[in-house]
Amino acid sequence: MLFQQETAETALLDLEGLDALYFLLKGRLRDYPPFFVAYLREHRFVVEGLPDGSLERVAAVREAAPTTTAPFRALAAPETIHFSVTGRCDQACAGCFYSARPGSTVTPTDAPFELFERVVRQAAEARVFQVALGGGEPLLHPRLVEMVRLARRSGLVPNLTTNGNLLTVEAVAALREAGLGQVQISLNGASEETNRTTRPNFAAALRALEGCRTAGLRFGINFLVTRSSLVDLETVIRLGQQMGAATVNLLRPKPPTTADDWLERESLTAADYRQVADVLHRLQAAAPRPSSLERPTTRVTVDASLTFLLTHRPPQALYQAGVWGCSAARKFVTVTQNGEVLPCSHVRWSDVGDGDVMRAWRESAVFARFRALEDTMRGPCRACRYLSLCRGCPAVVMAFGGEFGDSDPHCPRQVGQAF
């Protein structure tokens with residue numbers, strides 16, 4: 001797997017593709033199809049320049065590849081580790097799935113720096129590509145900048161998700177200097193009125209976005225698509241484009257820490273998801289295709305649990321585009337501030353602690369259960385031709401009264417609405 005550090009894009013190569021990359025770096029361009037070379041250059045996996053050791057690294061991977069083993073239906077190591085820096089947060093948001101909010105009876109904790117060191121050490125040895133720092137509100141952790149610097153120094157790309165309240169000019173400068181790859185700022189509306197249905201800090205989020213833009217720190221927007229925010233979907237995407245955001249990432253409502261009916265009230269229906277898909281198709285059709293010499297435009301990305309929005313394309317095209325669907329225990333893991341290793345942030349099952357990521361990756365029975373979903377899925381999803389590329393969202397399924405392995409209740413394809 002190739003990882004483009006500037007954009008966090010990946011390209012999965014088979015052994016033949018790895019050979020092609022090796023000989024491409026040796027200068028034997030004529031031996032391989034032009035589209036392969038053009039793709040690698042367009043996405044900046046390969047750039048012209050001085051020798052930087054890439055050939056030697058590819059040669060080492062090429063030599064080890066035939067004997068490298070991986071767990072069933074998973075990579076040999078996680079592509080990304082989601083690390084919960086803290087359980088604390090400075091605001092209370094409707095639908096929050098993780099934090100101990102202000103006034104909560106739960107005692108919030110910060111991740112010990114020693115736990116982070118242990119996770120980073122394992123990640124570096126296993127050649128994990130990136131670590132996503134979240135929480136809680138990670139900027140509340142007193143050693144966050146040190147964490148960013150340690151990850152970058154260890155060969156991992158550190159990224160950050162924040163509400164933006166504490167992302168001051170000084171904080172942006174410190175994070176940029178420490179080597180932060182990208183910051184994702186949560187914004188759930190293009191107006192104060194829409195945003196406050198889930199988040200109370202519209203002005204602060206806009207200031208944080210502008211601060212990153214001014215300082216030249218790569219940034220993106222996390223947009224939670226709810227019934228209340230759907231009206232601003234296209235406007236927020238266009239706002240991200242105007243501001244120069246690297247990504248606008250669409251998130252799906254997940255089970256919150258509160259016990260009220262928020263998830264049921266705010267989750268989109270099949271008809272709503274049809275509307276989301278229509279917006280995405282229209283924007284895609286209108287977007288000009290940049291040349292390899294132009295600066296990359298804003299990419300709209302979707303939560304892995306929203307893979308059904310992409311099913312207007314045939315399964316083979318999605319496979320070739322790198323779509324995995326639910327990637328819990330297959331491409332990423334979550335480590336809580338207490339050291340529990342989870343398949344994802346939304347299903348809090350763990351049988352491995354102490355931040356022992358690679359033991360969980362290889363031995364966890366919980367992880368094995370997620371990797372067997374294609375074999376155990378029940379209901380309409382079982383017969384869907386996109387099963388191996390989607391698998392719905394187990395967290396949402398169980399929140400709506402289903403059991404692990406039941407079909408996703410919100411997929412429009414289940415109610416006869418093909419995309």
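User: What volume does the largest cavity have?
Analyst: The largest cavity has a volume of about 30 Å³, where a cavity is a set of points on a 1 Å grid over the protein atoms alone at which a 1.4 Å probe fits but cannot get out, and a volume is the space filled by probe spheres set on those points. This is a predicted model, in which local features need pLDDT of at least 70 and side-chain atom pairs count only at pLDDT 80 or more, while totals for chains, interfaces and linings use all residues. Residues are numbered from 1 along each chain as its sequence is written, and side-chain values use heavy atoms, with hydrogens and water left out.

User: Which residues line the largest cavity?
Analyst: The lining, meaning residues with an atom within 4 Å of a point, consists of Leu373, Met377, Arg391, Cys393, Pro394, Val397, Glu403, Gly405 and Asp406. These divide into five nonpolar, one polar and three charged residues, with Cys and Pro counted as nonpolar and Gly as polar.

User: Switching to the sheet, in what order do the strands run?
Analyst: The order is 9-8-7-6-5-4-3-10-11, an open sheet of nine strands with mixed pairing; strands are DSSP runs of E with at least two residues, numbered from the N terminus, and two of them pair if DSSP finds at least two bridges between them. Strand 9 (299-302) and strand 11 (341-342) are at the edges with a single partner strand each, so one side of each has no neighbour in the sheet.

User: And strand 6, what does it pair with?
Analyst: Strand 6 (residues 182-186) pairs in the parallel sense with strand 7 (residues 219-224) over four bridges, Val183 having Phe219 as its bridge partner. Strand 5 (residues 157-162) also runs parallel to strand 6 and is joined to it by four bridges, with Thr162 opposite Ile185.

User: What does the side chain of Thr247 make polar contacts with?
Analyst: Thr247, which lies in strand 8 (residues 247-251), makes side-chain polar contacts with the side chains of Gln182 at 3.1 Å and Gln184 at 2.9 Å; a polar contact is a pair of N or O atoms within 3.5 Å, one able to donate a hydrogen and the other to accept it.

User: Buried or exposed, that Thr247?
Analyst: Thr247 counts as buried because its relative accessibility is 7%.

Key: On a 1 Å grid over the protein atoms alone, a cavity is a set of points where a 1.4 Å probe fits but cannot get out, and a pocket is an open set with protein on both sides within 12 Å along at least five of seven lines; lining residues have an atom within 4 Å of a point. Buried means under 20% relative accessible area, exposed over 50%, partly exposed in between (1.4 Å probe, protein chains only).
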